[in-house]
Amino acid sequence: PLILWDQAEFHSFDSNRQLVFGIFFGLFLIMGLYNLFLYFSVRESSYLLYVGYVVSLTLYQASYTGFAYKYLWPNHTEWQHSAFPFFVALFAFFSCIFSISFLELRERSRKMYRASLIVTGLCVICCVLAFIIPYGPAMRIATANAILVAALLLTVGLYSWKSGLDQARYYCIAWATFLLGIFGFVFSKFGVIPRVFITENGMQI
């Protein structure tokens, strides 16, 4: 919907918005650096994969909100055109490979491992398509793939939890919470639920 702002109110809103996203991006930068430090300390690949997950999520959010175009690549319009579907697919890719490692799928379930590898391959294809097809189709394909990834990883997490993997419990809680943020954001865009702070920023929270 179109919203008309008073100039003073808009500047106040924009300042608060930039503060919120500044805190969000700062926290994710700290998380990425901390896990990178852990990786170099213990040489556990899950930490490095989580760094990729955090960085891709941060760049996805920065592209969507316009901060990436404003501060990182202000003179590269063509790249900005492809960046959003690319980072959607890249985030899905790192979500898959991190989950494979964290949930020990290769050792615990060959079926779930193969399914995750197939979807990971689809993520790679979506990353490539972001640069060779128009924005609209690329975005629809990347979004459909992301929904598939979300459904599969929640299923994989629940399976691992049921099979007795201790860390799967925390994985499922975190992933389910993130999915609630995604669904709230999508439903608010389609007018199913009101557009309020929690629906607009649920994924970041």
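Me: Are Phe 86 and Phe 87 buried or exposed?
Reply: Heads-up: this is a predicted model, where local features need pLDDT of at least 70 and side-chain atom pairs count only at pLDDT 80 or more, while totals for chains, interfaces and linings use all residues. Residues are numbered from 1 along each chain as its sequence is written, and side-chain values use heavy atoms, with hydrogens and water left out. The labels go by relative accessible area with a 1.4 Å probe and protein chains only: under 20% is buried, over 50% is exposed, and in between is partly exposed. By that scale, both Phe 86 and Phe 87 are buried.

Me: How many aromatic pairs does the structure hold?
Reply: Rings of Phe, Tyr and Trp (its six-membered ring) pair if their centres lie within 6.5 Å; planes under 30 degrees apart are stacked, over 60 edge-to-face, and the rest tilted. Going by that, the number of aromatic pairs in the structure is 23.

Me: What kind of pair do Tyr 60 and Phe 91 form?
Reply: Their ring centres sit 6.4 Å apart. The planes are at 10° to each other, so this pair counts as stacked.

Me: How many residues apart in sequence are the parts that this pair ties together?
Reply: Helices here are DSSP runs (H or I, at least four residues; strands are E, at least two), numbered from the N terminus. Tyr 60 lies in α2 (residues 45–65) and Phe 91 in α4 (residues 77–102). Tyr 60 and Phe 91 are both buried. So the pair ties together parts whose separation in sequence, in residues, is 31.

Me: And what kind of pair do Phe 86 and Phe 87 make?
Reply: The ring centres are 5.2 Å apart. With the planes at 65°, the pair is therefore edge-to-face.

Me: Which ring does Arg 43 lie over?
Reply: Arg 43 is in the loop between α1 and α2, and its phi is near 55°, a positive value in a residue other than glycine. A charge sits over a ring if NZ of Lys or CZ of Arg is within 6 Å of the ring centre and within 35 degrees of the ring normal. At 56% relative accessible area, Arg 43 is exposed. At 5.6 Å from the ring centre, it lies over the face of Tyr 39.

Me: What is the phi of Glu 104 near?
Reply: Glu 104 lies in the loop between α4 and α5 (105–108). With 31% relative accessibility, Glu 104 counts as partly exposed. Its phi is positive, in a residue other than glycine, and is near 55°.

Me: What separates the C-alpha atoms of Arg 140 and Pro 85?
Reply: Arg 140 is in helix α7 and is exposed, at 58% relative accessible area. Along the chain, Arg 140 and Pro 85 are 55 residues apart. Their C-alpha atoms, though, are separated by 8.4 Å.
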